[in-house]
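Student: Please take one part of this structure and go through it closely. I want its geometry and its surroundings.

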Amino acid sequence: MKCRACGAESPVGVFFCSCCGRPLAEGEPIECENHVGVRAAGVCVLCGKPVCGDCASSEGGRTFCEDVSHRRLTKTHSLLGRASSEGEAELIAKNLQAAGISVAVFPGRSFFYLSRLTGEERTAIYTAKEEIPDAVRIIGNDDLTEFITFEHPAP
Ligand SMILES: [Zn+2]
Ligand SMILES: [Zn+2]
Ligand SMILES: [Zn+2]
């Protein structure tokens, strides 16, 4: 399914584009988490929070919630990959932080909203953009690659 807002491809059954956070098709209406009865205009691409037009902010065509730190983080950090559970993500984050890498973890509720069909829970792991090659190397050295699906192929 192609997003009309940004052109990214999403799997069938996904309600919100994982690239820009805009709704993909008419589906079960999801409410703004701050305003009962108001339909969400999109989900925050970082934390997955559904927000209405008044609560959402947009940067480079992508939807963010009202927490400005989420919008700010995407300027300095990129999606390293997704772990299939929060525990696995925390384990990876701990190892990266021990090596001095800046890490942020966002639990899988974004995926719950993104696709209720799969029910898949996947926790996003962000690291500082310039530290991605180091992070990939450390995860390999620590034998943690089975816990993460990298967003980009390992360099
Ligand atoms: Zn999109
Ligand atoms: Zn957010
Ligand atoms: Zn709202």
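Tutor: Two residues are in contact if their C-beta atoms, placed from the backbone, lie within 7 Å. This is a predicted model: local features need pLDDT of at least 70, side-chain atom pairs count only at pLDDT 80 or more, and totals for chains, interfaces and linings use all residues. Residues are numbered from 1 along each chain as its sequence is written.

Take helix H2, residues 86-98. Helices (H or I, at least four residues) and strands (E, at least two) are DSSP runs, numbered from the N terminus.

Ala89, Ile92, Ala93 and Leu96 are the buried residues of H2 (20 or more other C-beta atoms within 10 Å of the residue's own; exposed means 12 or fewer). They fall within an arc of 100 degrees (taken from the directions from the helix axis to the C-beta atoms), so they line one face of H2. Gly87, Lys94 and Ala98, on the other side, are exposed. After H2 comes Gly100, with a positive phi near 85 degrees.

What do the buried residues of H2 pack against? Their partners are S5, S6, S7, S8 and helix H4 (132-141). Those four strands form an open sheet in the order S6-S7-S5-S8, with antiparallel pairing (at least two DSSP bridges per pair). S6 (103-106) and S8 (148-150) stand at the edges with a single partner each, so one side of each lacks a neighbour in the sheet. Inside the sheet, six bridges join S5 (77-83) to S7 (123-128). Arg82 has Ala124 of S7 as its bridge partner.

How values were computed: Chains are lettered from A and ligands numbered from 1 in the order in which they are written. The expected span of a helix is 1.5 Å times one less than its number of residues.
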